[in-house]
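Visitor: I would like to learn how to read a protein model. Could we go through a few features in turn?

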Amino acid sequence: MDHLRIKISLLIALTLFLVFCTPKTIDADLLITNGLVYNGMDTIPHNLGVAVKGDKIVFIGDIESVRINTQKTIDASGLIVAPGFIDPHTHADRDLVDSKNAHNLPFMMQGITTVIVGNDGSSYYPSEKYKKLYETQNIGTNAVFLVGHGTIRKEVLGESNVAANQEQIAQMQALVKAEMEAGAAGLSTGLFYAPGSYSNTAEVIALAKVVAEKDGIYDTHLRDESAYTVGLIPAIEEAIEIGRQAKLPVHISHIKCLGVDVWHQSDTIVQLIKKARKTGVEVTANQYPYNASATGLKDAVVPRWAESGGRDSMMIRYNDPRLGRKMLIETKKNIDRRGGPDKLLMVKVENDAFLNKNLLEISEELNLSPEESVYAILKSGYVRVASFNMIDEDIKTFMRQDWVVTGSDGNTGHPRKYGSFPRKYHKYVLQEKVIGLASFINRSTGKTAEIFKIEKRGKLKTGYYADIIVFNPETFRDNADYQNAFQQAEGLAYSIINGQLSVDRGKYTGKMNGKVLTKNN
């Protein structure tokens with residue numbers, strides 16, 4: 001009997017040994033080894049392995065503790081492994097709709113794996129149509145939709161400078177509700193731009209309440225980032241009040257102090273937002289790391305009242321002697337707010353004679369005043385300008401806040417479309433040490449996913465979607481500048497989007513691995 005008991009005890013011991021001491025076996029499609037892993041949450045990196053199966057992360061940890069059967073191994077020795085960057089403010093939809101540019105390489109080569117589109121109050125409508133387009137032709141990165149307030153307003157009121165009545169607000173609410181039910185993450189406004197600028201605060205609150213009911217967010221290009229109309233600080237206060245009354249999170253796009261009239265106001269704005277956050281209004285912001293903004297020339301300097309009805313109506317007013325004089329006076333004031341005509345660089349034009357020249361140079365060539373030259377240039381078609389009107393003090397003050405995430409506002413003609421994320425790393429993390437590396441990564445990944453309520457992305461965790469980047473800390477940097485804004489960034493070694501390689505050893509694989517991410521999937 002004792003002999004039998006001994007055998008049973010040995011058998012139990014052997015079984016327990018095999019269960020608890022034999023390494024667990026994991027099947028994977030891809031394994032990343034030897035990299036320094038920043039997980040999008042913590043401040044201290046670790047040398048860990050990351051295994052991917054299908055579109056999910058199936059293991060992250062010490063690879064010596066498990067047995068991993070993998071189809072492909074990436075040796076990330078000397079490289080940084082991080083969640084794919086999430087860009088909260090882009091105009092990438094203008095590329096995604098074109099099958100030739102749907103790869104989204106300007107963003108992808110920065111390490112961006114997900115872009116938010118539909119910002120500044122302007123979205124492709126209806127979103128369901130474009131979701132089907134992207135799913136049919138495929139896209140290079142993931143995309144998250146916002147519904148644009150200006151777009152919805154145009155559907156109901158056109159481009160006229162009129163206040164919406166209750167019936168029209170109800171119509172807009174119904175359209176916003178439908179877009180949210182189609183999977184939009186929230187409502188974006190461009191209250192600086194027509195026709196969003198024609199709305200009052202009450203109108204925006206009414207629409208934001210619909211968004212709040214669908215657990216969405218309020219993303220805003222403020223009514224004023226300078227001293228054009230209400231002023232920068234009152235515009236911040238308006239955004240906070242919209243969030244407070246509608247009971248939803250507020251995200252301020254490309255936060256900045258735009259122009260000499262509002263320089264040095266960043267400290268006041270930071271305290272204002274901190275106070276709002278303490279009272280329960282969830283306020284965050286994004287920022288691009290450049291001292292020049294970019295927008296349409298018309299948007300930058302033409303008075304809003306003159307735009308009512310569209311471009312043709314604007315030119316009719318300009319050719320009217322009385323209205324034209326008024327427009328020129330106000331245009332000159334707006335040019336001065338932007339720092340003067342030499343601070344407005346033409347970066348996208350239909351007439352190449354104006355390209356890469358500032359407004360002062362063009363006015364001298366045309367033998368016209370700078371304000372008259374604006375309308376001569378606008379006759380050629382749509383024009384975008386880079387406007388050099390921010391100072392380092394304000395840029396760095398905003399960048400240090402833990403509620404400010406990295407964004408690009410990427411659009412054609414400004415280097416930020418090709419370089420925002422690597423520039424922030426190279427200039428503000430490595431060179432100037434304004435923020436730390438973990439802070440940069442966390443506020444380009446996990447924090448952004450939390451703000452936009454993007455589930456299971458932005459962090460390296462088991463069970464999360466495998467959006468992963470591997471970059472060289474020595475060479476990751478931007479190459480685009482204002483004279484050549486179309487240069488891809490360098491230093492990205494690998495990009496994995498939904499578990500599939502999109503960038504392999506620094507080269508685009510040609511695969512379109514992105515998905516449309518909606519609140520319903």
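**Reading the features**

Guide: Val-147 stands opposite Leu-187 in S10. Keep in mind that this is a predicted model.

Visitor: How do S9 and strand S10 pair?

Guide: S9 and S10, the latter covering residues 186-190, pair in the parallel sense over two bridges. They belong to an open sheet of six strands, ordered S9-S10-S11-S12-S13-S17, with parallel pairing. Strand S9 (147-148) and strand S17 (404-406) are the edge strands, each pairing on one side only.

Visitor: Let us turn to a helix. What span should helix H13 have?

Guide: An α-helix has 3.6 residues a turn, so residues three or four places apart point the same way. Helix H13 has 17 residues (321-337), and at 1.5 Å a residue they should span 24 Å. The end C-alpha atoms of H13 are 25 Å apart, which agrees.

Visitor: Which residues of H13 are buried?

Guide: They are Gly-324, Met-327, Leu-328, Thr-331, Asn-334, Ile-335 and Arg-337. These buried residues pack against several elements, including helix H12 (311-319), strand S15 (344-348) and helix H14 (359-366).

Visitor: What is found at the two ends of H13?

Guide: At the start of H13, a side-chain oxygen of Asp-320 comes to within 3.1 Å of the backbone nitrogen of Arg-322. Just after H13, Gly-339 has a positive phi of about 100°.

Visitor: Is Lys-256 buried or exposed?

Guide: Lys-256 counts as buried because its relative accessibility is 5%, and the cut-off for buried is under 20%. Lys-256 sits in the loop between strand S12 (250-252) and helix H9 (266-278). Its side chain makes a polar contact of 3.1 Å with the side chain of Glu-225, and one of 3.1 Å with that of His-254. Leaving aside residues up to four places away in sequence, Lys-256 touches Glu-225, Leu-232, Tyr-288, Ser-293, Met-390 and Phe-398.

Visitor: How many salt bridges does the structure hold?

Guide: The structure holds 22 salt bridges. One of them joins Lys-515 and Asp-55, whose closest N and O atoms are 3.5 Å apart. Lys-515 lies in the loop between strands S21 and S22, and Asp-55 in the loop between strands S2 and S3, so the pair ties together parts that are 460 residues apart in sequence. Lys-515 is partly exposed, at 37% relative accessibility, and Asp-55 is partly exposed at 23%.

Visitor: What about Arg-505 and Asp-504?

Guide: They form a salt bridge with closest N and O atoms 3.3 Å apart. Arg-505 is exposed, at 62% relative accessible area, whereas Asp-504 is buried, at 18%.

Conventions
Residues are numbered from 1 along each chain as its sequence is written. This is a predicted model: local features need pLDDT of at least 70, side-chain atom pairs count only at pLDDT 80 or more; totals for chains, interfaces and linings use all residues. Side-chain values use heavy atoms; hydrogens and water are left out. Helices (H or I, at least four residues) and strands (E, at least two) are DSSP runs, numbered from the N terminus. Buried means under 20% relative accessible area, exposed over 50%, partly exposed in between (1.4 Å probe, protein chains only). A polar contact is a pair of N or O atoms within 3.5 Å; within protein, one must be able to donate a hydrogen and the other to accept it, and residues adjacent in sequence count only if both atoms are side-chain atoms. Contact means heavy atoms within 4.5 Å. The expected span of a helix is 1.5 Å times one less than its number of residues. Two strands pair if DSSP finds at least two bridges between them. A salt bridge is a side-chain nitrogen of Lys or Arg within 4 Å of a carboxyl oxygen of Asp or Glu.
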